[in-house]
Amino acid sequence: MIDFVLTRVQLDDDVTIGDLTIGGRHICWICEDTVREIPGVPVAEWKIKGATAIPYGRYRIKRTFSNRFQRTTPQLMDVEGFDGIRIHAGNDAGDTEGCPLPGLERRPKGVGSSALAVIEIEKWLDAIDRNGDEAWIDIRPVLGAL
């Protein structure tokens with residue numbers, strides 16, 4: 001098992017920015033919707049459809065076919081209360097409905113060079129596949145945030 005670690009470092013009312021690493025090495029930034037999670041409270045009670053970051057936790061990443069994008073993309077599996085969570089290109093919270101959007105550049109309310117960041121993540125996933133390992137993502141708050 002190989003873990004990507006997404007540490008959410010900027011928790012604003014309108015956007016969340018995180019640092020994606022693997023083996024302690026920075027890969028890219030991640031833009032997400034607002035974190036609304038209330039620990040211990042069921043997802044249905046705090047989720048706003050299309051405007052909420054997924055819950056903190058650890059999720060398997062599998063590449064599956066996306067009907068929306070008409071190609072294979074990395075999907076986070078078994079995210080409670082969410083369906084079709086995929087890593088795909090985008091620049092700000094308006095481009096996502098709960099999905100993590102990677103970018104090589106960190107911006108005040110989003111990310112830049114997103115398509116290049118997706119390619120970088122795909123390279124890591126290719127290497128993980130070649131080694132016969134599983135890919136996982138561990139989503140964490142910045143220390144002291146929760």
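## Cavity

The structure, which is a predicted model, holds one cavity of 30 Å³ or more, where a cavity is a set of points, on a 1 Å grid over the protein atoms alone, at which a 1.4 Å probe fits but cannot get out. Rolling a probe the size of a water molecule over the atoms shows where empty space is left. About 30 Å³ of space lies in the largest cavity, a volume being the space filled by probe spheres set on the grid points, which are joined across faces, edges and corners.

Which residues line the largest cavity? The lining is made by Leu6, Leu20, Ile30, Ile87, Pro100, Ile121 and Ile137, where lining residues have an atom within 4 Å of a point. By class, this lining has seven nonpolar, no polar and no charged residues; here Ala, Val, Leu, Ile, Met, Phe, Trp, Tyr, Cys and Pro count as nonpolar, Asp, Glu, Lys and Arg as charged, and the others, Gly among them, as polar.

## Basis of the model

Residues are numbered from 1 along each chain as its sequence is written, and side-chain values use heavy atoms, with hydrogens and water left out. In this predicted model, local features need pLDDT of at least 70 and side-chain atom pairs count only at pLDDT 80 or more, while totals for chains, interfaces and linings use all residues.

## Pocket

The largest pocket has a volume of about 310 Å³, a pocket being an open set of points with protein on both sides within 12 Å along at least five of seven lines. Its lining consists of 18 residues, of which Asp83, Gly84, Ile85, Glu97 and Cys99 lie nearest the centre of the pocket. Sorted by class, the lining of the largest pocket has five nonpolar, seven polar and six charged residues.

## Salt bridges

Side chains of opposite charge can pair when their charged atoms come close. The structure holds ten salt bridges, each defined as a side-chain nitrogen of Lys or Arg within 4 Å of a carboxyl oxygen of Asp or Glu. One of them joins Lys109 to Asp12, with the closest N and O atoms 2.9 Å apart. Lys109 lies in the loop between strand S7 (105-107) and strand S8 (110-112), and Asp12 in the loop between strand S1 (2-11) and strand S2 (16-22), so this pair ties together parts that are 97 residues apart in sequence. Strands (E, at least two residues) and helices (H or I, at least four) are DSSP runs, numbered from the N terminus. Lys109 is partly exposed, with a relative accessible area of 41%, and Asp12 is also partly exposed, at 25%; buried means under 20% relative accessible area, exposed over 50%, and partly exposed in between, with a 1.4 Å probe and protein chains only.

In another salt bridge, the closest N and O atoms of Arg63 and Glu122 are 2.5 Å apart. Because Arg63 lies in strand S4 (residues 57-66) and Glu122 in helix H2, the pair ties together parts that are 59 residues apart in sequence. Arg63 is partly exposed, with a relative accessible area of 28%, whereas Glu122 counts as buried at 17%. Glu105 and Arg107 also form a salt bridge, their closest N and O atoms being 3.3 Å apart; Glu105 is partly exposed at 37% relative accessibility, and Arg107 is partly exposed at 38%. Salt bridges that share partners join Arg63, Glu122, Asp126 and Asp129 into one network.

## Nonpolar surface patch

Leu104, Leu116 and Ile119 make a nonpolar surface patch of about 270 Å². Such patches are made of residues with over 30% relative accessible area and no salt bridge, with nonpolar side chains (Val, Leu, Ile, Met, Phe, Trp, Tyr) joined within 5 Å and like charges within 9 Å; the accessible areas come from the Shrake-Rupley method with a 1.4 Å probe, and for residues only the protein chains shown count as cover. Ile119 lies in helix H2 (residues 114-130) and is partly exposed, with a relative accessible area of 46%.

## Loops and a strand residue

Gln70 has a positive phi of about 55 degrees although it is not a glycine. This residue is found in the loop between S4 and strand S5 (71-76), and Gln70 is exposed, with a relative accessible area of 53%. Asp78, also a residue other than glycine, has a positive phi near 55 degrees; Asp78 lies in the loop between S5 and strand S6 (101-103) and counts as exposed at 75% relative accessibility.

Is Thr16 buried or exposed? Thr16, which lies in strand S2, is buried, with a relative accessible area of 0%. The C-alpha atoms of Thr16 and Ala51 are separated by 11 Å, and the two residues are 35 residues apart along the chain.
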